[in-house]
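Have a look at the sequence and the model first, and then we can walk through them together.

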Amino acid sequence: MKNICITAALAVLAAGTASAEISDGRVKIGIMNDQSGPYSALAGLGSVEAARMAVEDFGGTVLDAPIEIVSADHQNKADVGSTIARRWYDTEQVDSIMDLTTSSVALAVQALSADAKKITIATGVGSTDLSGKACTPYGFHWTFDNRSMSVGTANAVVDAGGDSWYFLTADYAFGHSLEATATKVIEAKGGKVLGSARHPLNTSDYSAFLLQAQSSGAKVIGLASAGMDSQNAIKQAAEFGLTKGGQKLAGLLMMITDVHGLGLEAAQGLYMTEAFYWDRDDASRAFSERYKARTGAMPTMIQAGTYSAVLAYLKAVAAAGTDESDAVAAKLHEQPLDDFFAPGARVAANGQLINDVYLMQVKTPEESKGDWDYYKIIATIPGAQAYLPAAESGCPLVK
């Protein structure tokens with residue numbers, strides 16, 4: 001009996017030691033995003049489901065500690081996002097926050113998280129400031145940024161003769177950054193930007209903005225927006241006859257859910273750049289079919305990127321032997337990343353994931369072979385070309 005008791009005690013001690021470096025006995029990841037507004041289809045509950053898939057595929061535990069996913073709707077408001085983050089950190093023992101769709105929210109939460117020494121991985125955010133002037137030791141920028149999206153689309157459109165632009169820009173940090181980044185690409189190619197009109201997030205009436213774009217005489221109307229904002233602008237531009245009048249539309253941040261919402265008849269021929277397409281290869285198809293079986297839709301690049309970020313974080317915790325943020329951040333920088341989302345990618349010194357992106361063109365209805373068969377991949381843009389070098393990003397952490 002004595003030997004049995006000793007053996008049992010040693011087993012308990014060993015189990016305690018195995019998870020001793022996991023705070024609160026569990027690893028808790030918060031997925032914060034827009035779950036009710038214009039970006040809910042791009043990320044929303046789909047990102048939450050992708051995060052759960054990553055946890056399941058990892059095995060459900062890390063260092064013998066259970067893994068939990070929690071989620072919240074930040075309503076695209078920085079103050080709401082900050083309040084949620086404080087509550088998660090102060091009272092709910094959340095270890096890391098991911099997704100953060102909407103740049104203003106992401107910037108606020110990343111700054112707050114740095115003070116709390118908690119890791120954020122922004123998987124649905126465009127602003128280059130996250131890995132630039134606002135970078136932190138605990139902040140990581142996954143999936144895409146505004147520069148990586150602009151490089152492919154703006155280059156292709158200018159090369160096709162679209163050398164004069166007018167922007168319809170979402171009036172907050174993301175839209176401003178996307179317009180500024182695309183402008184640099186256009187001007188570097190010898191094109192001109194004739195002006196811009198800035199509209200509120202989630203606006204429903206684009207008539208005044210479209211009239212300004214029409215009267216500018218620009219060959220191309222660049223949409224520095226996303227989600228329902230871009231969809232509504234495209235629909236109303238057709239109603240106004242802008243495309244029939246010879247002006248072209250360029251979506252600088254559009255995703256497969258936008259094409260699905262618009263339909264191929266309205267979206268055909270559009271150029272866009274994405275970091276992921278479900279039909280790219282066998283690995284992307286395998287994940288996407290699993291995801292579709294659970295959600296009814298193919299994943300966007302944000303949803304696929306969220307899966308990738310959760311998996312990378314859990315691998316870093318396992319490699320570090322702890323969920324302590326400094327150790328996990330070091331492993332995120334060091335460890336190789338080679339998943340279905342971003343094969344051969346790496347994390348730069350400023351926290352930016354350097355992954356390939358893809359210039360796409362939307363198929364015609366005749367070219368499509370069925371539901372969700374929407375894109376032709378025109379070109380692969382290597383990550384080293386798509387993203388700014390860390391030394392040029394403005395990140396104060398990079399020497």
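## The disulfide

Cys 135 and Cys 395 form a disulfide, with 2.0 Å between their sulfur atoms; the term stands for a pair of cysteine sulfur atoms within 2.5 Å. By this rule the count comes to 1 disulfide. The link of Cys 135 and Cys 395 is right-handed, with 80 degrees about the S-S bond. It connects distant parts of the chain, 260 residues apart: Cys 135 sits in the loop between β5 and β6 (139-141), and Cys 395 in the segment after α14 (383-386). Helix and strand labels here are DSSP runs numbered from the N terminus, helices being H or I with at least four residues and strands E with at least two.

Are these two cysteines buried or exposed? Cys 135 is buried, and so is Cys 395. Buried means under 20% relative accessible area, exposed means over 50%, and partly exposed is in between, computed with a 1.4 Å probe on protein chains only.

## About the model

This is a predicted model, in which local features need pLDDT of at least 70 and side-chain atom pairs count only at pLDDT 80 or more, while totals for chains, interfaces and linings use all residues. Residues are numbered from 1 along each chain as its sequence is written, and side-chain values use heavy atoms, with hydrogens and water left out.

## Salt bridges

Side chains of opposite charge can pair when their charged atoms come close. The rule used for a salt bridge is a side-chain nitrogen of Lys or Arg within 4 Å of a carboxyl oxygen of Asp or Glu, and by this rule the count comes to 15 salt bridges. One of them joins the side chains of Arg 26 and Glu 68 at 3.1 Å, N to O. Arg 26 lies in the loop between α1 (2-18) and β1 (27-33) and Glu 68 in strand β3 (residues 65-73), so the pair ties together parts that are 42 residues apart in sequence. Arg 26 is partly exposed at 33% relative accessibility, and Glu 68 is partly exposed at 25%.

Asp 159 and Lys 189 also meet in a salt bridge, at 2.8 Å from N to O. This pair links distant parts of the chain, 30 residues apart, with Asp 159 in helix α5 (residues 146-159) and Lys 189 in the loop between α6 (173-188) and β8 (192-199). Asp 159 counts as exposed at 56% relative accessibility, whereas Lys 189 is partly exposed at 37%. In the salt bridge of Lys 331 with Glu 334, the closest N and O atoms are 3.5 Å apart. Both residues lie in helix α13 (residues 325-334), 3 residues apart, about one turn of the helix. Salt bridges that share partners also join Glu 49, Arg 52, Glu 56 and Arg 294 into one network.

## A three-stranded sheet

Strands of a sheet pair through backbone hydrogen bonds, either parallel or antiparallel. Here an open sheet of 3 strands has the order β11-β14-β15, with antiparallel pairing; two strands pair if DSSP finds at least two bridges between them. Its edge strands, each pairing on one side only, are β11 (271-274) and β15 (375-381). From one strand to the next, the twist averages 30 degrees.

Strand β14 (residues 357-362) is joined to β15 by 6 bridges, and the two run antiparallel. Val 357 stands opposite Ile 381 in β15. Helix α5 packs on the sheet, touching β11, β14 and β15, and its direction makes about 155 degrees with that of β11. Axes are lines fitted to C-alpha atoms, for helices over the stretch in contact, and angles run from 0 to 180 degrees between N-to-C directions. Contact means heavy atoms within 4.5 Å.

## Around Thr 306 and Asp 99

Thr 306 lies in helix α12 (residues 301-320) and is buried, with a relative accessible area of 0%. Which residues does Thr 306 contact, leaving aside its neighbours within four places in sequence? They are Ile 31, Ser 47, Ala 51, Asp 99 and Thr 123.

Asp 99 belongs to strand β4 (residues 96-99) and is buried, with a relative accessible area of 0%. Although Asp 99 is not a glycine, it has a positive phi of about 80 degrees. Lys 117, in the loop between α4 (103-116) and β5 (119-122), has a positive phi near 55 degrees, and it is a residue other than glycine.
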